[in-house]
Amino acid sequence: MKGQHPIIEQHDLQEQFKKLASKGMRLTEQRKAMIDLILNSARPLSAIDIYQKMEKQFIGLSYGTIYQNIKLFIELMIIESFVLGDEVRFRIIDRENPKYHLICVDCERSVPIDLVTERIELPTLTNSFKPISYKLDVYGYCTDCILINHSDHA
């Protein structure tokens with residue numbers, strides 16, 4: 001399963017494009033390609049990953065363009081960021097069907113899992129704090145990496 005891409009329905013891609021259009025943002029070919037790349041990646045991507053995968057298709061593409069679009073996508077809640085290892089990574093947000101992830105720390109593959117969030121109880125910290133959202137990622141080793149590295153991670 002290492003390196004496999006998830007099967008993404010065209011509907012999901014179109015939904016992300018609609019988010020841009022609904023905020024009056026131009027739907028450029030670079031933005032379409034970037035959303036498609038992040039949506040269809042088997043692992044969360046860093047800004048450098050995104051740049052390296054797109055620079056061949058878009059001659060003259062700059063890191064600045066990548067970072068500007070990342071900032072825009074985060075503001076529009078199309079993508080979210082999180083830290084994996086020592087890098088900031090990005091993935092698509094699905095607000096209607098939130099996904100939680102198992103992330104392999106070796107190959108960095110991300111596998112979405114379904115959790116019944118109604119059963120998750122957050123502790124009441126204080127009366128002066130009201131949580132509005134949370135993220136849940138579980139880090140470990142996928143079966144492929146365990147088999148490759150034998151008992152190192154068992």
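Which residues in α3 meet which residues in α4?

Guide: This is a predicted model, in which local features need pLDDT of at least 70 and side-chain atom pairs count only at pLDDT 80 or more, while totals for chains, interfaces and linings use all residues. Residues are numbered from 1 along each chain as its sequence is written, and side-chain values use heavy atoms, with hydrogens and water left out.

From α3, the residues A47, I48, I50, Y51 and M54 meet Y63, I66, Y67 and I70 of α4; contact means heavy atoms within 4.5 Å. The residues of this contact are nine nonpolar, no polar and no charged (Ala, Val, Leu, Ile, Met, Phe, Trp, Tyr, Cys and Pro count as nonpolar, Asp, Glu, Lys and Arg as charged, and the others, Gly among them, as polar).

Helices here are DSSP runs of H or I with at least four residues, numbered from the N terminus. Helix α3 spans residues 47-54 and helix α4 residues 63-75; they pack at an angle of about 125°, with axes 10 Å apart. That angle makes α3 oblique to α4 (under 35 degrees is roughly parallel, over 145 roughly antiparallel, 65 to 115 roughly perpendicular, and the rest oblique). Axes are lines fitted to C-alpha atoms, for helices over the stretch in contact, and angles run from 0 to 180 degrees between N-to-C directions. The crossing of α3 and α4 is right-handed, that is, the near helix is turned clockwise from the far one by less than a right angle.

Helix α3 also packs with α2, residues 29-39, at about 120°, with axes 11 Å apart. This makes α2 oblique to α3. The crossing of α2 and α3 is right-handed. Here Q30, A33, M34, L37 and I38 of α2 meet I50, K53 and M54 of α3. By class, that contact has six nonpolar residues, one polar and one charged.

Conventions: Helices (H or I, at least four residues) and strands (E, at least two) are DSSP runs, numbered from the N terminus.
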